[in-house]
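Subject: Structure handover

Dear colleague,

Please find the structure below. My notes follow it.

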Amino acid sequence: MSIRRHPVSALLAFAVLAFLWLPLLAVVVNSFNRDTLMAGWGGATGHWYNLAANDHDVREGLKTTLIIAFASALVSLAVGISGALWWRRAPRRAQAVYDGLVYARIIVPEVVFATALFFLFVHFKFRLGLPAIIIGHSVWNSAYATLIIQARMVGLDPSVEEAAADLGATPWRVFRRVTLHSLMPAIIAAGLLAFTFSFDDVVTSYFLQGTAQSPLPIVLFGLIRFRLTPEVNAIGVLVMLLTVGLMSLAVTMFATAGRLGRSEKRAGFLDMYRR
Amino acid sequence: MHDSEIDFTPPLALSRRALMRRAAIAAAALPAGGALLEALSGNALAAGADTGTIVLNNYPGWIGKSELAAFAKKYPGDKVKMVTNATSSVAEVILQFKSGNFDVILSDTTDSGQASAAGLLQKLDWSKIPNIKNVSANFRKAYPWGIPTDYGKVGIAYRPDIVGEKITSWHDLWRLAPKFSGRVVFIDLERDCLGSTLKYLGYSSNTTDAKQIDAAKKAVISIKPHLQAFLNTNVGQGLVNGSTAIAMDWDYDVALLKQKQPKIEWVAPTEGMHAYLEGFSVAKNPDHLDVVEKFLNFALDPVQYADFVNTTGTAYMVPSASPHIKKSISTSPILKPSAAVLKRVEFDHYLGAKGTQLFDAAWQEVKAS
Amino acid sequence: MFFVVPLVLVAVYSFGSINPVTLDVGFGWTTGNYRAFASTLYLHSLLRSIFLSLGATGACAVLGFSLAYFISRQPPRAQRLLLVAVIVPFWTSFIVRTYSWVDLLQNLGPIDRLAGAIGLTDSHLSVLYTPTAIAIGIIYSYLPLMILPIYVSLERIDASIYNAAADLGATPWRQFRRVVLPLAMPGVIAGCIIVGIPALGEYVIPEILGGGKTLMLGNILANQFQTTGNYPFGSALAVTLMGILMILLFLLRRRQPLQESA
């Protein structure tokens with residue numbers, strides 16, 4: 001009787017999943033609520049979606065947020081991957097320092113770091129705005145990325161890479177075909193995490209935005225200053241749908257590229273055994 | 001067995017080269033993209049000084065629906081770019097004045113008072129803003145740094161059918177709270193909450209007397225066990241379905257709630273009310289002072305001001321705009337109180353460094369208890 | 001590096017003094033900020049924060065683990081689908097989600113009515129605006145952060161290990177305790193760090209779901225930087241907090257390599 005088929009774990013898992021989706025369902029339902037105050041159910045209407053889609057601030061804010069989130073995820077992954085790889089072969093002391101830097105980035109309360117960065121930028125007359133926000137996000141996003149990738153890397157068996165190297169593959173090839181593939185779940189997880197963090201971030205974005213268009217979370221904050229309306233819920237739903245759409249697009253593009261390169265990859269692997 | 005190791009075919013074929021390329025592009029594109037975005041969004045502060053664009057920091061939607069478009073039409077070449085990261089936190093507002101990024105900022109009496117004390121405000125030449133005479137005198141006096149735009153009183157809203165008796169004063173609220181424990185809501189803002197409590201105790205809501213502030217603190221702490229919550233959004237919402245019986249709330253919020261739930265009653269307490277008064281203040285040395293002056297003047301034009309009031313539903317202060325304002329607002333006893341009620345309203349002021357610290361400390365203790 | 005310099009600035013600020021009017025920071029060298037911190041008011045809030053956040057983190061770990069475990073045992077296609085299902089709700093905005101909990105948890109709200117209908121309680125649940133609500137909010141908001149690292153750790157466990165353990169006659173519980181748990185540990189620890197630390201500094205959730213009645217460390221900190229503008233004091237708070245956390249983290253990290261080799 002393997003633990004794999006244990007029904008209890010499945011039940012618990014689905015309960016957690018339901019927990020995760022409950023607020024989302026509430027948001028979706030309320031986005032159609034005719035009652036402005038959402039004090040009860042006022043009947044269904046698509047009016048709020050109309051309002052949300054035509055709201056200039058919302059559209060611009062969404063655009064801004066998406067750009068920031070994508071850019072920050074990419075930068076964080078780059079830093080995270082290269083850092084984790086370096087760390088693997090680094091001397092003990094350097095590892096400790098690097099770890100220190102990673103942890104430090106995580107434990108600094110966001111509001112503290114955001115303010116400090118703000119003062120710094122202002123002092124050195126560095127222009128606030130999108131680049132500043134992306135930098136700010138990437139600093140802590142890359143720390144999370146590093147942690148996740150490291151957690152995965154710790155369990156990697158170096159003998160596979162050694163075998164590949166012994167069989168004549170260049171370090172580059174080893175990295176591409178072996179290391180990166182084995183790290184892939186961590187990379188995906190880290191990238192998703194970084195994107196999600198940036199997407200929802202209020203504090204850092206607030207301090208570093210200057211006069212640029214406010215990212216969406218800040219626009220929303222302002223909208224609910226007095227009251228939460230179904231429009232805000234509608235915005236939430238639209239935003240989510242859009243992001244899901246974009247993500248699927250990205251994944252499909254990569255998957256197609258992957259499939260196209262698949263046959264080539266199989267042959268390529270055999271190359272490793274040749275010279 | 002060997003297959004499970006080699007066949008790692010993931011869905012994303014991210015080769016290292018592709019990754020580096022992408023990272024490099026991203027790194028290079030960041031400043032370029034950022035600059036491009038800013039240029040596209042019309043941030044012409046550093047560039048074109050002859051285009052006459054000023055930056056206004058405001059809450060989203062807190063301006064007439066067609067006000068900015070009408071301004072651009074009336075003064076070709078001049079534009080108001082509205083940025084929406086206004087805040088109710090003093091420190092952030094001060095930073096915004098200091099940053100030099102904004103020309104005009106929505107700021108209440110306390111924030112502007114402090115900004116003025118810190119030397120961050122631009123002194124305005126009122127001869128260039130003749131429409132200021134449209135604003136009632138008492139409001140002008142209370143907001144001398146820029147143009148006042150709106151105000152909000154903090155009173156009591158309750159459900160007479162649930163409470164069972166008439167509430168007319170803050171004393172009534174404090175008395176009835178234990179009976180409706182867990183169904184009383186206060187506002188989660190330091191000045192509004194403590195200010196109202198000071199009114200309850202018969203003091204000025206702008207006092208800097210340590211003993212009085214201490215008394216107010218104790219009064220709030222004494223009622224805290226009976227409070228449902230301190231809220232700063234949807235404050236009176238629970239009144240609609242009855243989960244809240246009594247609330248300390250702003251006038252415009254109650255006016256809106258009453259439309260949904262006619263059973264809600266508004267009370268202007270006999271001891272008096274604390275109120276905020278906000279308006280547009282100008283940061284020191286704006287790039288286009290003349291455009292700023294034109295905009296401020298434009299905003300107080302009766303038709304434009306009415307547009308603002310109709311869009312936001314707030315209590316207002318330009319009598320000549322009344323004909324253009326929706327009846328539901330201009331005849332509302334909540335939003336347009338009688339002179340007798342207005343006399344009992346006290347706007348908040350900047351309390352100076354010491355006073356502010358006393359209030360801050362008291363509020364922290366209230367929240368921590 | 002963009003990270004170190006702001007930190008140094010924060011450290012320097014913590015010894016400075018503030019001009020309350022202009023909010024300019026004077027660079028005197030005073031320990032006054034640190035002394036102010038030691039007052040009982042803040043210590044009490046600090047302790048409450050710690051208990052609430054750590055408790056929520058623990059609960060989050062348990063819940064997250066069960067879902068992560070389940071996902072890791074699925075075929076790859078299903079795994080990806082489930083991961084997406086975990087993340088997608090979080091592409092709504094944080095604010096929208098949190099306020100949605102207000103709606104759900106309030107008396108006369110859906111959950112309260114359900115509890116009444118199935119006879120769980122006579123009167124209302126009254127869970128909104130209590131520390132419980134804050135805990136629920138924290139657990140909810142940080143679940144994906146917990147699930148992802150644990151999943152990553154679990155995923156690399158070869159299926160054959162399970163079969164081997166079963167073949168050798170171990171009960172499911174034994175399998176779990178001796179095999180799965182140790183192998184998943186790096187992920188669980190990473191998850192607890194990623195969740196626990198920001199949870200300590202959380203201030204938005206206590207404000208919204210706690211009704212502003214429960215003052216937590218995060219509120220105090222954010223207050224200094226966002227409302228009162230007392231940057232030196234806030235910096236002193238931050239430095240103290242970070243110092244404590246750094247020490248804890250290094251102790252934790254020391255233990256981890258040892259576990260790996262085992």
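At 13% relative accessibility, C:Ser141 counts as buried (buried means under 20% relative accessible area, exposed over 50%, partly exposed in between, with a 1.4 Å probe and protein chains only). This is a predicted model, in which local features need pLDDT of at least 70 and side-chain atom pairs count only at pLDDT 80 or more, while totals for chains, interfaces and linings use all residues. Residues are numbered from 1 along each chain as its sequence is written, chains are lettered from A and ligands numbered from 1 in the order in which they are written, and side-chain values use heavy atoms, with hydrogens and water left out.

C:Ser141 sits in helix H7 (residues 131-155) of chain C; helices (H or I, at least four residues) and strands (E, at least two) are DSSP runs, numbered from the N terminus. Leaving aside neighbours within four places in sequence, C:Ser141 is in contact with C:Phe90, C:Phe94 and C:Ile205, where contact means heavy atoms within 4.5 Å.

In chain B, B:Gln212 belongs to helix H10 (residues 210-223). B:Gln212 is buried, at a relative accessible area of 18%. Its contacts, apart from neighbours within four places in sequence, are B:Leu198, B:Tyr203 and B:Thr207.

In chain A, 11 of the 14 residues of H5(A) are buried, so this helix is largely enclosed by the rest of the structure. Just after H5(A), A:Lys125 takes a positive phi of about 55°.

Regards
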